[in-house]
Amino acid sequence: WFAKKAFVPIYGLDGMESVQIIFKHPLVKLNVNLVKGNEYTDNDKIASVVLKRTAGAVVCDLTESGGITIPADSYEQDITMHQLTDTSYEAVFYPFKGQQPNEEMLVVTMKSGAVYSYMVPSSGLDFQKGCAYTMTLKIGKDKISVAPPTTLNPWIITDAEGGEAERIEII
């Protein structure tokens, strides 16, 4: 519809037509699987996993050639990752300062009070927009380390059918 000449949604539809909107997003999905070292038992629980310094605000240009920009006054946002299982967490985010080389990216806090920080390697992590990553980290002995494999998977988003929009009169 964006290419239809002189199309104005309020006047260009008869109420029976639907508007097709294709939305490609620049977000990244990160799944983190934690493997406890042998100094931990099944009773030693994880209190939280925090993804550090992601972009707190982005500007989306929804035109066909548009993209994403981070405003100059954007802020850093720490995200408490969503817990999937006792040792598996996920978050959806837009990479920012905490995903740069040599930066603290993840903080794992155990219920015992032990804290582990994962630093981005100096070679960096190349998060690609619209992709899902699975990272396995081993915690214990006062350190956190990557435990292979770290994988990149296509982030499959299924088509959503239907939905309704509300007409708003602007006076």
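Reader: Which residue of β9 stands opposite V108?

Author: Strands of a sheet pair through backbone hydrogen bonds, in either a parallel or an antiparallel sense. Here V108 stands opposite Y116 in β9, and strand β8 (residues 104-110) is joined to β9 by five bridges, the two running antiparallel. Strands are DSSP runs of E with at least two residues, numbered from the N terminus, and two strands pair if DSSP finds at least two bridges between them. The model is predicted, so to speak of local features requires pLDDT of at least 70 and side-chain atom pairs count only at pLDDT 80 or more, while totals for chains, interfaces and linings use all residues. Residues are numbered from 1 along each chain as its sequence is written, and side-chain values use heavy atoms, with hydrogens and water left out.

Reader: How many residues lie between β8 and β9 in their hairpin?

Author: Four residues lie between them, and G113 in this turn has a positive phi of about 105°.

Reader: Which strands form the edges of the sheet?

Author: The open sheet has four strands in the order β5-β2-β8-β9, with antiparallel pairing; its edge strands are β5 (76-80) and β9 (115-119), each of which pairs on one side only.

Reader: Which residues of β9 make up its covered face, and which its uncovered one?

Author: In a regular strand the side chains alternate between the two faces of the sheet. In β9, Y116 and Y118 form the covered face, whereas V115, S117 and M119 form the uncovered one.

Methods. Buried < 20%, exposed > 50% of the residue type's maximum accessible area, 1.4 Å probe, protein only.
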